[in-house]
Amino acid sequence: MKAIQVKHVGGPEVMELVELPIPEPKANEAVVKLSASGVNFIDVYQREGRYKVALPFVLGQEGAGVVSTVGADVTSVKSGDRVAWSSILGSYAEYDSVPAERLVPIPAGVSDQQGAAAMLQGMTAHYLAYSLYPLKRGETALVHAAAGGVGLLLTQMAHNIGARVIATVSTEAKATLAREAGADDVILYTQQDFEQETKRLTGGKGVDVVYDSVGKTTFEKGLNVLRPRGMMVLYGGSSGPVPPFDLVELSTKGSLFVTRPMLAYYTATREELVMRAGAVFEMIGSGKLKLRIEHTYPLADAQRAHRELEGRKTTGKLLLVP
Ligand code: NDP
């Protein structure tokens with residue numbers, strides 16, 4: 001089978017299209033023939049070595065497709081079932097072997113491509129808006145990179161809850177998408193000072209929560225736009241990691257909270273995984289959540305997908321199709 005393998009960490013050029021044997025399932029695993037594999041920013045961190053993975057490895061943390069074979073102990077899925085998963089390495093490939101307990105069935109009415117597009121970013125948006133900081137109607141959230149994969153889904157969920165969304169994006173085209181997703185106010189943070197603008201938009205009150213996936217270039221100013229006892233959710237670092245800072249700043253800036261969460265801890269049990277994936281699929285099925293699969297690439301073009309994602313050229317979801 002064809003797969004995208006990383007033998008040493010580095011830029012997009014380290015992703016090699018290679019020929020590997022189709023995996024054999026272990027007793028607790030199912031082998032899935034992929035219809036689509038999701039591209040996520042975490043793939044970039046792993047490729048460049050910011051998140052450490054034993055070499056060599058097949059990239060990719062998200063996929064959907066049809067079960068081809070199952071291990072001896074697997075009873076929850078069978079050959080022919082349509083399934084999706086996330087947070088298991090190895091999906092930039094034609095086949096992937098996945099622990100059966102991490103697979104969720106794709107409901108009728110949701111395509112395989114939608115399944116692959118919904119899992120990682122959809123469940124992330126869901127835990128951010130519903131579990132980590134359960135947003136309430138009337139509250140205000142600042143959502144950075146709101147036209148990105150997670151950003152567009154988080155903006156829609158926050159809007160559907162009835163919260164006010166102040167969104168940041170880098171271009172006018174992205175601003176249009178953020179508004180369509182339900183953002184009440186959009187700040188072009190490459191042209192305007194988002195700290196000043198957010199203070200102005202909230203009449204100096206500040207926001208209840210900042211959802212920050214950008215990190216290095218936004219974190220510090222984000223602390224300045226929180227209301228007293230507000231919540232900073234630093235869930236990524238697409239501009240680079242946040243440098244160490246003095247925790248006493250949290251007290252002087254208003255007894256603030258900071259958390260650095262990961263999806264894996266919000267889908268740690270089978271029960272929570274099924275609840276969260278089910279909630280996202282239900283929102284898609286009922287039309288409350290619109291997936292924007294804006295960029296579909298052949299598997300062989302994984303390097304281009306990464307260049308465009310890192311180059312801030314993409315919006316919504318990127319998929320690789322084997
Ligand atoms: P996105 O589609 O959001 O792409 C990243 C976006 O970040 C860009 O489009 C860009 O939007 C913005 N950005 C700002 N500064 C930079 C920069 N210097 N270089 C590159 N991009 C920049 O990606 P994903 O939806 O896949 O992921 C979004 C974030 O969420 C990532 O940080 C990822 O790690 C994180 N994440 C965290 C999870 C968790 O559980 N902790 C789970 C899933 C994702 P613009 O041009 O508008 O600035």
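This is a predicted model: local features need pLDDT of at least 70, side-chain atom pairs count only at pLDDT 80 or more; totals for chains, interfaces and linings use all residues.

In soluble globular proteins, nonpolar side chains tend to be buried together.

Tyr211 shows how one of these members is surrounded: leaving out residues up to four places away in sequence, Tyr211 touches Leu128, Ala129, Tyr133 and Leu135, as well as Ala141, Leu142, Val143, His144, Leu154, Val233 and Tyr235.

## Domain arrangement

The chain is divided into two parts, of which domain 1 is made of two segments (2-120 + 267-321) and domain 2 of one (136-260). Taken over C-alpha atoms, the centres of domain 1 and domain 2 are separated by 28 Å, and the contact between them involves 15 residues from domain 1 and 20 residues from domain 2.

## Ligand surroundings

There are 30 residues around the ligand, and those that come nearest are Tyr127, Ser170, Lys174, Tyr189 and Arg312. For Arg312, an N or O atom in the side chain is 2.7 Å from an oxygen atom of the ligand, and a polar side-chain atom of Gln121 lies 3.1 Å from a ligand oxygen atom. At Pro261, by contrast, it is a backbone N or O atom that is involved, and this atom lies 3.0 Å from a nitrogen atom of the ligand. Taken alone, the ligand exposes 910 Å², of which the protein buries 92%.

## The setting of His306

Is His306 buried or exposed? Because its relative accessible area is 1%, which falls under the 20% cut-off, His306 counts as buried. His306 is placed in helix α10 (residues 302-310).

Leaving aside neighbours within four places in sequence, His306 is in contact with Pro12, Met15, Val39, Asp43, Val44, Arg47, Leu59 and Tyr92. With Tyr92 there is also a polar contact between the two side chains, at 3.0 Å.

Definitions and conventions:
Residues are numbered from 1 along each chain as its sequence is written. Side-chain values use heavy atoms; hydrogens and water are left out. Contact means heavy atoms within 4.5 Å. A residue is near a molecule or strand if one of its heavy atoms lies within 4 Å of it. A polar contact is a pair of N or O atoms within 3.5 Å; within protein, one must be able to donate a hydrogen and the other to accept it, and residues adjacent in sequence count only if both atoms are side-chain atoms. Accessible areas come from the Shrake-Rupley method with a 1.4 Å probe; for residues, only the protein chains shown count as cover. Domain bounds come from an automatic or database domain assignment. Helices (H or I, at least four residues) and strands (E, at least two) are DSSP runs, numbered from the N terminus. Buried means under 20% relative accessible area, exposed over 50%, partly exposed in between (1.4 Å probe, protein chains only).
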